[in-house]
Amino acid sequence: MSQQVAASGEPAGRGPSPGDEEARLAAVRRYDILDTPPDGAFDRVAALAARLLDTPVASVTIVDADRVWFKAVTGLEGVTEVGRGPGLCASAIRRDGVLVIPDTLSDPAAGANPLVTGPPGVRFYAAAPIVTADGHRLGTVNVLDTRPRLVTEEDTATLADLAAVVMDQLELRLSALTAVRAERELRAAERRRAEEEQAARQRAELDRAVLASFAATLQRTLLPPALPAVPGLELACHYHTAAAGDVGGDFYDVFPLGGDRWAFFLGDVCGKGAGAAAVTSLTRYTLRAAAHLDPDPVAVLEALNKALLLDPSAGSRFCTAVFGVLDPLPDGSFTVTAASGGHPPAYHLRRRGSGERVAVEPVRLRGGMLIGAFAEARFTSRTIRLAPGEGLLLYTDGLTEARTGDGALLGEGGLTGFLASRAAPVGAAALVEGTAALLADLPEGTGDDVALLALSVPPAPAGDAPEGRTSAHRAAAPPRAAPRPGVPHPNTPSEETRSRAPGAPEPSEHRSADT
């Protein structure tokens, strides 16, 4: 093992002047991160640091004027901040690179730190600074141990990558906050033209809804902790990880647009690791934000394409995605309007005649280009109807690229055959469970992560008359806890749904004006 030693008492380069420290503290305030609630993205970084460097303690810290505040910590229960003592974080933010102290008792400054002299008795410390684009060091991603140890160059590179992920998250958070403020100001300006008291009340309610939506978006991580309960609809999801320790770029989400309308998306960012994770976060935030401004699926994907091309942190990474909007119909059915950017087709499953088997129809959206690859990319949309007893399956390409027992790709043909063998009616939970079991039974596993999202309309109870969707608006059971890896997560549908009214017209297929 190679050893990179830096004396914390003698930081590299000149020491910071009072003006430098004042500017650094101003940068800390700019990101508005101190004393915020726990966030899953930062918690994951701390957990990854501890696991990848095999240490009992890891944390993401922000260094304030007189304290070191823990945004995320693993291995130090109940600790939220410590004094800004010498030798550890206070020294790490004075360096350009990673600070490594193999034995704190041999370091003049670190040996006097309270974390060294008192509990937990830190003997090893390594930290990478979290550095802004203009060079200010906000804090550190660090690992600690109660015994002396050495590290490799790969370990220090890992710490530096994780610190870069934290900085990306802070930039995304700042961008979202800025967007919220800009959107609020715009809507406030529009509402000022209205003089009636009712218009003023509506403006205030809309502003609160926008703020609540963006606040919820900021708390989400790469995957939602649970799927929501959508009246009249059953949802289920599954995430299959191909290799432990890899950070993948597959993502999905379901969220409300207002009234009875809901939106969903599923996609895949190219590559793995910290870079893919950062782009995935940007993609999820952008899709949610764009949908609240203009819910048209083609417009949402166009907004995402523009955001990926303009964001320097995305680099040359691109993604595929399906974005759709759900509209309930009076007979208990849903119209599904979806747009695709380079993504595999979804599958529409419905009863085959009067039998118990299902007909499987791929929902192809031809012409949709990769998102984030070309400024002139164009996307297409299509509308289908999801009736009682029918389901819709979305997936990432790790599913069709998985290899069967004879070494051949599962492919669209193999997936179609598997789905066609299922019994009607189609339930989202059973559909995801069966597909997850198919993945688990593959002898060689999968070479890529797989994300699954299924939607289904429960069949109408026998004897129900098509009297509209009154019952579908009754309170639905709350969503269950987030799924563990490898375990499908169905949401709970509403208590009852109505069958489709006789003679109700089927929605027609349509495409965007760009195609």
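The legends below describe close-up views of a predicted model.

Residues are numbered from 1 along each chain as its sequence is written. In this predicted model, local features need pLDDT of at least 70 and side-chain atom pairs count only at pLDDT 80 or more, while totals for chains, interfaces and linings use all residues; side-chain values use heavy atoms, with hydrogens and water left out.

**View 1. Strands β1 and β2 form a hairpin.** Helices (H or I, at least four residues) and strands (E, at least two) are DSSP runs, numbered from the N terminus. Two strands pair if DSSP finds at least two bridges between them. Strand β1 covers residues 57–63, and its antiparallel pairing with β2 rests on six bridges. Three residues lie between the two strands of this hairpin. Thr 61 has Phe 70 in β2 as its bridge partner. Six of the eight residues in β2 (residues 67–74) are buried, where buried means under 20% relative accessible area (1.4 Å probe, protein chains only).

**View 2. Strand β2 also pairs with β3.** β3 spans residues 81–83 and runs antiparallel to β2, with three bridges joining them. Arg 67 has Gly 83 in β3 as its bridge partner. Six residues separate the strands of this hairpin, and Gly 75 takes a positive phi near 100 degrees.

**View 3. Five strands make an open sheet.** The order is β8-β9-β10-β11-β14, and the pairing is antiparallel. β8 (250–258) and β14 (380–386) are the edge strands; each has a single partner strand, so one side of each has no neighbour in the sheet. From one strand to the next, the twist averages 20 degrees. Seven bridges link β14 to strand β11 (residues 334–341). Ala 338 stands opposite Arg 382 in β14.

View 4. pLDDT is the predictor's confidence in each residue, from 0 to 100. The chain average is 80, and 81% of the residues score at least 70. Where pLDDT is low, the predicted coordinates should not be read in detail.

Notes:
Buried means under 20% relative accessible area, exposed over 50%, partly exposed in between (1.4 Å probe, protein chains only). Axes are lines fitted to C-alpha atoms, for helices over the stretch in contact, and angles run from 0 to 180 degrees between N-to-C directions.
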